[in-house]
Amino acid sequence: MTKHILVVDDDPDILDAIEWLLVDAGYEVRTSDKGDSAENLRDTNGGLPDLIILDVLLSGKDGRTICRHLKSRPDTRGIPIVMISAHPGAAGSVRAVGADDFVAKPFDVDVLLAAVERHLR
Amino acid sequence: MDSVPDYLQTGDPAPDALKGSSSIEPELEPGDLEPQQDTGRNQATSLLMQAPAAIAVLRGPNHVFELVNPLYERMVGRKAGDLMGRPGRDVLPRVTDGRMWEILDRMYVTGEPYDAGEVELPRSQYDDHPGELSWYNIVSQPTFDHVGAVDGILLHAVDVTEQVRSRQRVEELVAELETERARLSLGQRVGKIGTFDRDVVHDRVIWAADLEALYGYEPGELQGSGRDWMSMVYPDDRLRVRDSIARSMSERQPIHVEFRIIRKDGSSAWMRADGMVQYGEDGSAQRVIGVNVDITERKLAEDNLRFLSNASTLLSTSLDYDSTLNTVATLAVPNVGDWCSIEMLDPEGELQSVAVVHKDPERVEWARELRAQSPIDMSSPQGLPQVLRSGNSELYPHITDEMLVASARDERELSLARSLGMTSAMIVPIWSGGMPIGGITLVTTESRRRYTETDLAMAEELASRASLAIDNARLYRQAQTALALRDEFISIASHELKTPVTSLKLYAQMVGRQALRKGDDATVLQLSKMESQVDKLTKLIANLLDVSKIEAGKLEHQVEEFDLVELVREVAESPKAVDESHAVWVEACDPIVLTGDRDRIGQVILNLLANAIKYSPNSEKVEMRVLRDGMTATVDVHDFGIGIDPRFHNHVFDRFFQVADPEERTFPGLGLGLYISREIARRHGGDITVDSTKGNGSTFSLVLPLPGGAPQAS
């Protein structure tokens with residue numbers, strides 16, 4: 001069964017590169033460049049993603065707020081969230097909002113893939 | 001009185017006029033002339049001859065000597081034979097100005113006796129001590145004939161030398177005492193000393209006039225009890241003074257206590273009392289004798305100096321001048337004033353109150369209200385506005401009611417000003433960039449202290465130091481703002497730089513993967529080089545960000561427990577550290593659990609390892625060792641490379657430091673790695689040291705404290 005991953009980042013090139021990486025690795029990927037649409041998690045068929053990769057600093061919204069929100073909802077609480085950021089110091093704050101993992105930008109593709117696989121096992 | 005001897009030497013042929021007509025003794029008739037004529041006369045003559053006074057009888061207007069007794073001979077130094085029957089002017093001619101002869105001449109007209117008083121003259125050759133000064137009390141008495149006309153003169157002189165001498169001695173003594181007294185009194189005024197004598201048993205204090213003067217009273221005004229004295233002691237000081245005296249008495253020690261008093265006119269002064277206590281047989285204090293010394297000037301000078309010194313320290317240690325000026329104002333009260341306010345001009349040229357301090361906090365609120373109700377009129381020809389316009393200080397040694405009346409704008413302001421109860425005030429300008437930008441106002445009220453030029457000089461010194469501190473603070477603020485802007489810029493820039501680097505790295509790796517699948521080895525190699533350059537770029541960005549955080553004191557610091565040995569192994573085996581050229585040997589002991597930021601410590605170890613590899617291009621291995629020693633854990637990273645000249649050992653940790661050696665120019669970098677590493681180590685309570693000689697490799701040691709500062713159980 002193909003796993004669905006939602007990637008949220010405000011940089012289109014990063015979104016594109018991560019989508020390429022994940023599709024190449026055999027995942028089904030949806031992307032969003034805005035924090036506000038991330039709350040509309042369900043795809044057109046009403047399905048929830050199996051994992052979310054979420055940037056910390058989004059234009060318009062803080063990824064940590066989204067993370068805390070998702071982790072507080074019963075229907076989304078179980079979805080693993082891997083947060084990514086160019087601020088290495090953000091590691092502590094993302095754990096505080098319930099994120100399952102943190103990967104500092106820039107990262108090796110293997111590091112991100114390893115994190116994804118760890119939570120989809 | 002040099003005419004007197006001449007007067008005494010007066011003589012005249014006697015015209016028999018003395019007979020029966022002398023006012024002293026009507027029957028008196030000089031026996032020398034007619035010794036056998038009358039027994040009574042002989043007796044009188046005999047009496048005159050033996051009298052304990054010098055006596056001469058001059059007869060007629062020419063003052064002819066008719067009688068002289070031996071004491072007279074002795075007094076004038078002439079024998080009777082030389083004088084008798086001859087006019088006085090002839091035999092004793094040394095008549096000064098002829099004045100005494102004139103006096104005797106006039107006696108024939110007036111008939112009045114003449115008292116010459118004490119006459120000073122040298123002792124004659126017939127006297128015991130010729131030449132010595134002697135004094136005679138000389139009286140001249142006219143004698144009258146039967147019709148009441150003056151017919152002769154009786155001179156009567158008593159040797160009063162002894163009395164005069166005694167009196168002179170007394171006078172000298174008195175004069176000496178007067179001088180002494182004057183000197184003492186002067187000394188007391190200058191030294192400001194006054195004495196007291198307290199009868200403890202009857203509780204009476206005898207005040208010397210000089211002490212009363214010190215307290216501003218007239219002599220005799222202050223004779224009262226010890227309590228009366230205490231009522232003049234400044235209320236805040238009374239308890240301390242009482243305790244100090246009681247303690248001295250109980251310890252049988254002399255009394256030494258310093259306190260403030262309130263003088264009769266309401267002004268204040270500092271006194272030092274020194275007293276000796278006399279005790280009765282039962283051991284109770286009977287009497288205290290002592291002095292008060294006015295130490296006001298010394299105290300105020302001490303206060304001024306102490307205040308200035310404290311204020312300077314404050315001004316130099318803090319760069320936050322708003323709070324500093326507030327502290328300075330707080331220090332000023334009550335040491336140098338009862339009120340202190342500091343006003344500064346804001347950028348719009350409006351006066352802003354920076355500090356208002358009064359001994360009583362309620363009064364501070366009241367002062368703020370006062371200022372709000374009655375803002376400073378910037379056009380005022382005096383006070384702070386004038387000080388700010390002219391840059392000249394103002395000193396009001398004594399604020400009178402007339403001054404308040406003159407300066408108040410209306411009745412309400414006058415009553416407010418009066419309610420302040422100001423005694424004295426001074427205003428000094430604070431400068432910045434050559435312009436007055438504010439002022440310090442010091443006012444005395446309850447303390448009654450009157451400011452002097454010395455106080456003004458102190459206040460000006462304070463203001464100049466405050467000015468300097470303010471300039472420094474402004475520069476510092478500007479620098480801080482610039483630094484904060486720089487840090488913010490670096491922080492934003494590094495984030496923005498990382499975004500393209502992230503996608504660049506991702507694309508390079510993805511392209512590399514595809515090339516690998518296609519077996520395109522050349523592309524894989526080129527892409528891996530590209531990736532390694534991206535990594536270097538990433539590290540430079542990270543270092544810049546770290547430095548800016550360190551400078552701003554904002555380096556994040558996670559705290560967790562971790563095993564140092566495990567961390568060292570992890571770093572040593574990480575693909576970032578190891579290249580094909582070097583083997584990394586790790587010699588480690590049992591786990592060492594530390595508390596700190598694992599990632600940051602890992603960053604330090606990685607940096608040391610990367611340096612070791614970088615600076616040992618011709619060697620094949622790096623040795624790492626982890627050991628525990630007492631209170632610390634140490635990670636040694638030893639390479640066999642080019643080494644570092646000892647003169648650079650202290651500098652390798654400096655920011656942007658690169659060894660300036662032509663043969664070592666081949667090692668690129670910003671020179672930030674060791675600086676950041678040492679900062680991280682120090683933030684963990686540790687340090688990094690270096691041991692190296694040129695050409696013989698280097699050992700860098702990361703030393704970290706063990707938790708709790710105590711060795712862990714192994």
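Where in chain B is the place of Asp203(B)? Select Asp203(B) and you land in the loop between strand E6 (193–199) and strand E7 (204–207) of chain B; helices (H or I, at least four residues) and strands (E, at least two) are DSSP runs, numbered from the N terminus.

Before going on, note that this is a predicted model, in which local features need pLDDT of at least 70, side-chain atom pairs count only at pLDDT 80 or more, and totals for chains, interfaces and linings use all residues. Residues are numbered from 1 along each chain as its sequence is written, with chains lettered from A and ligands numbered from 1 in the order in which they are written.

Most residues other than glycine have a negative phi. Asp203(B) counts as exposed, with 12 C-beta neighbours inside 10 Å. (Buried means 20 or more other C-beta atoms within 10 Å of a residue's own, exposed 12 or fewer, and partly exposed in between, with C-beta atoms placed from the backbone.)

Next, pick His63(B), in the loop between strand E1 (54–59) and strand E2 (64–68) of chain B. Here too phi is positive, near 55 degrees, but His63(B) is buried, with 31 other C-beta atoms within 10 Å.

**A hairpin in chain B**

Now select strand E22 (residues 698–705) of chain B. Ser692(B) stands opposite Ser698(B). Five residues separate the two strands of this hairpin, and Gly695(B) in the turn has a positive phi of about 90 degrees. Strand E20 (residues 632–639) of chain B also pairs with E22(B), antiparallel, over seven bridges.

**Over to chain A**

Chain A holds four helices and five strands. Zoom in on Lys105(A) and Pro106(A), joined by a cis peptide bond with omega about -10 degrees. Pro106(A) sits in the loop between E5 and H4 of chain A.

Finish on H4(A), whose buried residues are Val109(A), Leu112(A), Ala115(A) and Val116(A). Viewed down the axis, these fall within an arc of 135 degrees (taken from the directions from the helix axis to the C-beta atoms), so they line one face of the helix. Turn to the other side and you find Asp110(A), Val111(A), Ala114(A) and Arg118(A), which are exposed.

Terms used
Two strands pair if DSSP finds at least two bridges between them.
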